[in-house]
Amino acid sequence: MINNVLQNKKNTPITCIITIPRRNIKQSIMSKKNLLTVLAIALACFGCSNQNHGTISRLDIIQKRGELKCGISGKIPGFSYLQQNGKYQGIDVDICKAIAAAIIGDPSKVQYRTLTAPERFTALRSGEIDVLSRNTTFNLSRDSIGGNGVTFAPTIFHDGQGILVKKSSRINSIKDLNNSTICVGSGTTTELNLNDIFQERKLNYKPIKYQDLNQVVAGYRQGRCKAMTSDRSQLAAVKANLPDRKNHKILEEILSKEPLAPASIGGDQKLSDAVRWTIYALIAAEEFNITQNNINIKIELAKADNTNTSLRRLLGIDGNLGSKLGLRNDFVANIIRNTGNYGEIYNRNLGPKSSVTIPRGLNNLYTNGGLLIAPPLK
Amino acid sequence: MRVYIRWLQNMKLKRSNILNYIITLLLATLIVSILVQFVNWFFLEANWNVISQNFPIFFLGLYPKDQYWRPLIWIILIILSLVLRIKKRSNKRVQKISIFLSVLIIPLGIFLLGGGLGLTSIPSREWGGLILTLLLTLCSGVLALPLGIILALGRHSNLYFINRISRLYIEFMRALPLIAVLFFGQLLIPLFLPIGLEINRFLRAVIAFSFFTSAYIAEDVRGGLQSIPPTQIESASALGLSQRQIIQFVLLPQALRTAIPSLTNQAVGLFQNTSLMAILGLMELLGISRSILANPNFIGNYLEVYVFIAIIYWLIGTVIALFARNIEHQLNSFK
């Protein structure tokens, strides 16, 4: 008899944490409703907190925090990479430093955040980063509200897409690449441009897609594809570091224009103005021939010379250009003292003495036949 | 050797096995040639400068140089606590120390790495490399285990509400890919939070990992619970044990022991999964390696770096597995 009872019990659940009589189950269902209301209220709260985003500028937040969160790639030679001493270096990194020098006054107050191409705009929108300085091509759909909804600063590097091939392949133009395999990074404008140009010319190709540049290079070196395509700046870096660099060449043809620019969240004029004028200040400083070395002399000169109004305004001796932007009046002097002007930044990272040499070309001042020009800082 | 000779003799006996010979020969040459190539690359072609020059960065990331002793002490403590646990010690003092160490290893790690109380504080974004991988694994594992056990018990409960919630949670989490959970934690949670309020990235990763892993652990523990015959509970309650006592002294010790092999699986999996954070920009072992690879001095040395970190992942994965096997043997000797 007892055995029977025990055997019947075998099918019941093993344990319960607290035993409640069955009739109380109704009450626990009732509490489900309560939970739903709590959830609804919580969601509503999240909703209202979201609406606050528009009212406070990120510029104030950065200043209050005392630190700039800058999104970089961390994987592009010459633009951003990790040195042996554990510090980031590159032109993108120097732009972050310049912005930090302008907004906070200290170029070391930057928190670098390494991002891959697909996640960069999400990170910007979610506030994970304040400024995106990551080899990003400035184009309409990224800038517009209907697209990624970010605001671009002026171009810091005019790039163009090129194609790297082996000399032995006897490929001299895009036409020769008909029906061949091409290594390309996925999720980038590079991939789209390649597709556009081949369709336009009614040529066939087989893309082999990789996540980042290193893998594209690896694929190319292993001979998985006849050619690899990327921005010419990157191709120059890649070619410089191939063991048999003399056997490779970059085709003359340029597939696209790729103006690379930093970006900040759209609809935040205060921050995007500060970023924009930081870049212009770098270019203007080169126009005025103000360098990291002579900045203090220039300041002394400007202080002594009442007639040189444009220099005095630029260096914050006269006027209140900085405070109009919500920055300190001497923000330009502060930037140049810490990072140097645009030309210095360029030479440090991509100049003839650096390990990734790219001729300045379009990235020269307009006075030297390039495209860089800063509107007057008035 | 004897086995080999016997195998050859067997082969000779069967005349129809010429095809077998050929396949064996082909496979053998293939394996040997791959091995030769690899050894050749490993010793002659590979440029190991990329490893030697960045050695500390692989392990400690961007951690300030003058503070390297702190993570080193922590690593030594981890190894010590593992070694002390390997053999069943009769010495009670050693036993006490080892338990003390394993309980305190995470708070100690966070204190040593993060600083405070006299040590210079170092923000979590400067933690990186292997040390971050280890801390991420340990923290997530330690959070996930109790959560998983509670979920498993909840799923067994005959309380309608608790049962449903646990089941819903487990099924929901298991249906999601890990990368989606991580993406949510890293990029979407900041969207919901009011501006200015920020949760540490490391913490967000730990929470995402432990929430995800706990669902799997819950199922493993449930398997352990189901292996216990119900008569044990009945006899326990007949002896007058309370619900809590039954769970604490009868169910969990047996269930967890049964679940150890699959829990080990989860631990190794969790450790390997932390490498997914590289996609989301956390500088753990894989993330830091990819940044090192972009240094113009080391471009194209990807194979050296990936082989190196593969060896590290393999070593630690093996240590976890061996350690778990050891614990299992120790527990089984109680039987």
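Me: Which residues does Ile99(A) touch, not counting residues up to four places away in sequence?

Reply: This is a predicted model, in which local features need pLDDT of at least 70 and side-chain atom pairs count only at pLDDT 80 or more, while totals for chains, interfaces and linings use all residues. Residues are numbered from 1 along each chain as its sequence is written, and chains are lettered from A and ligands numbered from 1 in the order in which they are written. Two residues are in contact if their C-beta atoms, placed from the backbone, lie within 7 Å. With residues up to four places away in sequence left out, Ile99(A) touches Leu68(A), Val131(A), Val275(A) and Thr278(A).

Me: Which residues touch the most other members of the largest nonpolar core?

Reply: Such a core is a set of buried Ala, Val, Leu, Ile, Met, Phe, Trp, Tyr and Cys residues joined through C-beta atoms within 7 Å. A residue is buried if 20 or more other C-beta atoms lie within 10 Å of its own, exposed if 12 or fewer, and partly exposed in between. Here the largest core has 156 residues, and Leu68(A), Cys96(A), Ile99(A) and Ile103(A) touch the most other members.

Me: Why is E1(A) described as largely enclosed by the rest of the structure?

Reply: Helices (H or I, at least four residues) and strands (E, at least two) are DSSP runs numbered from the N terminus. Strand E1 of chain A covers residues 68–72, and it is largely enclosed because five of its five residues are buried. In a regular strand the side chains alternate between the two faces of the sheet. In this case Leu68(A), Cys70(A) and Ile72(A) point one way from E1(A), while Lys69(A) and Gly71(A) point the other way, and all are buried.

Me: In what order do the five strands of the open sheet in chain A run?

Reply: Two strands pair if DSSP finds at least two bridges between them. The order is E4-E1-E5-E13-E6 (chain A), and the pairing is mixed; E4 and strand E6 (150–152) of chain A are the edge strands, each pairing on one side only. E1(A) and E4(A) pair in the parallel sense over five bridges, with Cys70(A) standing opposite Tyr112(A) in E4(A). E1(A) also pairs with strand E5 (residues 131–132) of chain A, in the parallel sense over two bridges, where Val131(A) is the bridge partner of Cys70(A) and Leu132(A) that of Gly71(A).

Me: Which elements make a right-handed β-α-β unit?

Reply: A crossover is right-handed if, with the strands pointing away from the viewer, the path from the first strand over the helix to the second runs clockwise. The unit in this model is made by E8(A), helix H7 (residues 189–200) of chain A and E9(A). Strand E8 (residues 180–185) and strand E9 (residues 205–210) of chain A run parallel and are joined by six bridges, and Ile182(A) stands opposite Pro207(A) in E9(A).

Me: Is Thr188(A) buried or exposed?

Reply: Thr188(A) lies in the loop between E8 and H7 of chain A, and it counts as buried because it has 22 C-beta neighbours inside 10 Å. Its C-alpha atom is separated by 9.2 Å from that of Thr136(A), although the two are 52 residues apart along the chain.

Me: How many helices and strands does chain B have, and which domains does its assignment give?

Reply: Chain B has 14 helices and zero strands, and 30% of its 335 residues count as buried. Domain bounds come from an automatic or database domain assignment, which for chain B gives domain 1 (1–45), domain 2 (65–121) and domain 3 (130–335). The centres of domain 2 and domain 3 of chain B, taken over C-alpha atoms, are 21 Å apart, and eight residues of domain 2 of chain B are in contact with eight residues of domain 3 of chain B. On the domain 2 side of that contact, the largest share, four residues, comes from H6(B).

Me: How many residues does each chain give to the contact between chain A and chain B?

Reply: The contact takes 49 residues from chain A and 46 residues from chain B. For the class of each residue, Ala, Val, Leu, Ile, Met, Phe, Trp, Tyr, Cys and Pro count as nonpolar, Asp, Glu, Lys and Arg as charged, and the others, Gly among them, as polar. The side of chain A that touches chain B has 23 nonpolar, 19 polar and seven charged residues.
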